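This note sets out several points on the structure shown below, written for a reader who is new to such models. Each point may be checked against the displayed structure in turn.

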Amino acid sequence: MATDLTRRNVIRQLDAMGVEDFEIGVLVPEQGEEDAKMMLREWDRDTLLKSLGWLKGQNASGNHIFIRPNGSQGLIFMDDLNVSSLMEIERAGIKPAAVVESSPLNFQAWVRVSNEPIDADLASAIGRTLARRFRGDPNSTDWRHFGRLVGFTNRKPQYVNDSGHFPFVKLSESTTRAGEHIDSDAIVELVKAGKVLLEEERAAQLAEIERLKAARNDNQTPYYDLKDPTEFYRSELHGLMGRFGKKLDLSLADWTIGKNMREKGYVAEQVMIAILEASPSLNSRKSGHVEDYVRRTVNKLYGLDAA
């Protein structure tokens with residue numbers, strides 16, 4: 001029987017990642033990337049391997065195949081790396097669990113920092129630290145970011161060759177024993193740097209909340225009888241999570257809840273405070289521009305954008 005190269009390479013990637021439970025994303029580009037839809041599957045290792053035939057069919061139909069750990073499992077993702085970046089990572093003493101060539105001479109890396117699950121916000125902060133240090137994509141540092149699954153083709157139109165073929169996603173490097181480097185000095189220092197960054201970002205967020213509270217003149221706000229804005233947000237979010245679960249788009253949730261708050265009579269500053277205090281993983285999702293994101297969202301809700 002002919003060797004199934006896709007299966008063999010997928011097994012190598014799974015072994016290197018050292019994870020048993022995954023989320024698989026099948027991205028369906030409908031009318032362009034901006035209209036793309038993601039089909040999600042939560043699979044263990046065995047189910048994933050049994051489903052390779054279905055994934056091959058999806059890939060052949062023009063869809064992209066992605067993978068990520070199911071939950072924050074101590075594995076940090078880096079995107080948009082070049083050969084120079086990989087060399088710098090190696091010189092820094094950091095050994096990625098897996099390096100994936102997602103398109104010709106463009107790489108993704110999975111770096112294990114813990115053999116146990118870690119706080120999701122910390123995982124994202126470590127991702128931001130890595131991206132800044134080694135010039136990775138700063139927009140791909142969220143702890144739930146997808147990477148490509150090897151053995152399938154990258155279906156982006158710009159990568160098709162003269163023969164009309166798309167490049168295969170390849171496993172460039174992999175460790176033989178998952179988690180074998182987590183006690184290295186480089187990884188220990190990396191985690192410390194992530195913790196410091198997370199503390200700084202949280203302090204900045206709290207400062208912005210206090211600034212907004214101080215700027216609000218309650219004597220001019222006739223909405224004293226409304227429920228506390230943060231509690232209202234959390235209540236609305238609980239309902240949305242119950243309906244959509246992990247499929248909930250958190251940025252869309254911010255917009256939807258903010259719109260409901262506006263209609264209930266909350267003022268803009270109250271909505272800003274609610275999102276800053278209660279929006280899940282806000283630092284992770286909008287790293288480096290949390291306050292700007294919240295202000296732009298609320299300005300649009302209340303028609304406050306500059307002309």
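1. Asn154 and its burial. In this predicted model, Asn154 has a relative accessibility of 2%, and since buried means under 20%, Asn154 therefore counts as buried. The residue is part of the loop between strand S7 (147-148) and strand S8 (170-174).

2. The surroundings of Asn154. Which side chain is joined to that of Asn154 by a polar contact of 3.3 Å? The partner is Arg148. When neighbours within four places in sequence are set aside, Asn154 is in contact with His64, Ser102, Ser103, Arg148, Tyr159, Phe166, Pro167 and Val169.

3. Ala60 and Thr153. Ala60 belongs to helix H3 (residues 52-60). With a relative accessibility of 61%, Ala60 counts as exposed, because the cut-off for that class is over 50%. In sequence, Ala60 and Thr153 are 93 residues apart, while in space their C-alpha atoms are 8.4 Å apart.

4. Helix H9 and its covering. Is helix H9 mostly covered or mostly uncovered? Helix H9 is mostly covered, as 9 of its 11 residues are buried. The buried residues of H9 are Ala268, Gln270, Val271, Met272, Ile273, Ala274, Ile275, Leu276 and Ala278. The next two points describe contacts of this helix with other helices.

5. The pair H9 and H11. Helix H9 (residues 268-278) and helix H11 (residues 290-301) have axes that come within 10 Å and cross at roughly 140 degrees. The two helices are therefore oblique to each other, and their crossing is right-handed. On the H9 side, the contact is made by Ala268, Val271, Met272, Ile275 and Leu276; on the H11 side, Val290, Val294, Arg295, Val298 and Asn299 take part. Sorted by class, this contact has 8 nonpolar, 1 polar and 1 charged residues.

6. Asp254, Gly258 and Met261 of H8 meet Gln270, Val271, Ala274 and Ile275 of H9. By class, the contact between H8 and H9 has 4 nonpolar, 2 polar and 1 charged residues. Val271 and Ile275 are named in the contact with H8 and also in the contact with H11.

7. Leu105 and its backbone. Leu105 is not a glycine, yet its phi is positive, at about 65 degrees. The residue lies in the loop between strand S5 (98-103) and strand S6 (106-112). Its relative accessible area is 60%, so Leu105 is exposed.

8. Arg135 and its backbone. Where does Arg135 lie? Arg135 is in the loop between helix H5 (120-134) and S7. Its phi is near 60 degrees, a positive value in a residue other than glycine. At 44% relative accessibility, Arg135 counts as partly exposed, because that class falls between the 20% and 50% cut-offs.

Methods. Residues numbered from 1 in each chain as written. Predicted model: local features only at pLDDT ≥ 70, side-chain atom pairs only at ≥ 80, totals over all residues. Heavy atoms only, no water. Axes fitted to C-alpha atoms, helices over the stretch in contact; angles between N-to-C directions. Helix = DSSP H or I, 4+ residues; strand = E, 2+ residues; numbered from the N terminus. Parallel < 35°, antiparallel > 145°, perpendicular 65-115°, else oblique. Left-handed = near helix turned anticlockwise from the far one by under 90°. Contact = heavy atoms within 4.5 Å. Nonpolar A, V, L, I, M, F, W, Y, C, P; charged D, E, K, R; others polar. Buried < 20%, exposed > 50% of the residue type's maximum accessible area, 1.4 Å probe, protein only. Polar contact = N/O pair within 3.5 Å; in protein donor to acceptor, adjacent residues only side chain to side chain.
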